[in-house]
Amino acid sequence: MSAPKKQNFNVESLLEQLAGTDLRTAAFYVITGIGGGVYAPDFIYAAILFSTLPCPETAAVLVASNQSLRELLQRSPESLMEEMIHDEHDFEREQFNAWMKSFAVNRRACDGIYQFLEQGLKQRQITQHFDEPGYNHRLNDRLSLFGLQKAMFQRRTNFLQDQFLDNRRLFNATLDLCCIRYSNGNTPEYWIPIGERTELKKYEASEIQYELGGTGEEFRQLVSTLRADDGLDVETRDS
């Protein structure tokens, strides 16, 4: 699997084609198929994002980094599964089922965290900051991918706040660029938007930063509930 130079493509048509598509098997196919290879950083970032939350938006980011994957994403889960079983004698269904469960946990956590952040922003209990473009300009690339561009004299922070308000599509597409912080006077705590804990260096490298303020304890309890895998109805495959 190579990673050719990025080219422009119609993201809206791709999103329409993938709407309602089960992309979990494709995510497993991609993330387990790139081991041992050498790829461009943008492709690696996109593959990790897609395997964190398989959905049309993260699939669009993946295709933007490697357009040869567009056809793969449109294949049925059954077709991909049959190919993996045929080509890999050491294919482990337990590993596949574990990934399916992780996808379900990540989806549930992301849904709950998105709603929590949106409510907090609207009530001015949570603040959102946008770091100046770093060396890789990934946020600008994602905005351009979805056809979003700041007007000449528009303030960057105002523009970004307007774009992210009530925009679940953009939230999904920039999950890997976000970090959440809670500091109650003690050692700060950091999370990524699927509810997993992270470190200060991730926060400092993030182009989209959320400060929880007084909602931190409530958020901590929410994440504990969302990340629990009990009660999840996840379709798995028997060996």
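This note sets out numbered points on the predicted model shown above.

1. Basis of the note. The model is predicted, so local features are reported at pLDDT of at least 70 and side-chain atom pairs at pLDDT 80 or more, while totals for chains, interfaces and linings use all residues. Residues are numbered from 1 along each chain as its sequence is written, and side-chain values use heavy atoms, with hydrogens and water left out.

2. Cysteines. The structure holds 0 disulfides, a disulfide being a pair of cysteine sulfur atoms within 2.5 Å. For C55, the closest cysteine sulfur is that of C110, and at 7.7 Å it is too far for a bond. C178 is likewise in no disulfide, since the nearest cysteine sulfur, in C179, is 8.8 Å away. C55 is buried at a relative accessible area of 3%, and C178 is buried at 0%. Here buried means under 20% relative accessible area, exposed over 50%, and partly exposed in between, with a 1.4 Å probe and protein chains only.

3. Side chains of opposite charge can pair when their charged atoms come close. The count comes to 13 salt bridges, each a side-chain nitrogen of Lys or Arg within 4 Å of a carboxyl oxygen of Asp or Glu. In one of them, K122 meets D166 at 2.7 Å, N to O. K122 lies in helix 7 (residues 93-122) and D166 in the loop between helix 9 (156-164) and helix 10 (168-173), so this pair ties together parts that are 44 residues apart in sequence. Helices (H or I, at least four residues) and strands (E, at least two) are DSSP runs numbered from the N terminus.

4. D176 and its two arginines. Which residues form salt bridges with D176? One is R138, with the closest N and O atoms 3.5 Å apart. D176 sits in the loop between helix 10 and strand 2 (178-182), and R138 sits in helix 8 (residues 138-145), 38 residues apart. Another is R142, at 2.8 Å, N to O. R142 also belongs to helix 8, and it is 34 residues from D176. D176 and R138 are both buried, and R142 is buried as well. Elsewhere, salt bridges that share partners join E189, R197, E217 and R220 into one network.

5. In helix 6 (residues 77-87), the buried residues are P77, L80, M81 and M84. Viewed down the helix axis, these buried residues fall within an arc of 100°, so they line one face; the arc is that of the directions from the helix axis to the C-beta atoms. An α-helix has 3.6 residues a turn, so residues three or four places apart point the same way. The buried residues pack against helix 2 (24-33), helix 5 (70-73) and helix 7, where contact means heavy atoms within 4.5 Å. On the other side of helix 6, E78, E82 and H86 are exposed.

6. Positive phi angles. R124 is not a glycine, yet its phi is positive, at about 60°. R124 lies in the loop between helix 7 and strand 1 (127-130) and is exposed, at 76% relative accessibility. D166, also not a glycine, has a positive phi of about 55°. This residue, the salt-bridge partner of K122, is partly exposed, with a relative accessible area of 49%.

7. The nonpolar core. A nonpolar core is a set of buried Ala, Val, Leu, Ile, Met, Phe, Trp, Tyr and Cys residues joined through side-chain atoms within 4.5 Å. The largest one has 69 residues, and F50, L62, L73, Y210 and L212 have the most contacts inside it. Helix 7 gives the largest share of this core, 10 residues. Leaving out residues up to four places away in sequence, L212 touches residues including F116, L117, I126, I180, W191 and F219.

8. S51 in helix 3. Is S51 buried or exposed? At 7% relative accessibility, S51 is buried, and it is found in helix 3 (residues 41-52). A polar atom of the S51 side chain lies 3.0 Å from the backbone oxygen of I48. Neighbours within four places in sequence aside, S51 is in contact with A27, I31, W99 and F103.

Conventions. Polar contact = N/O pair within 3.5 Å; in protein donor to acceptor, adjacent residues only side chain to side chain.
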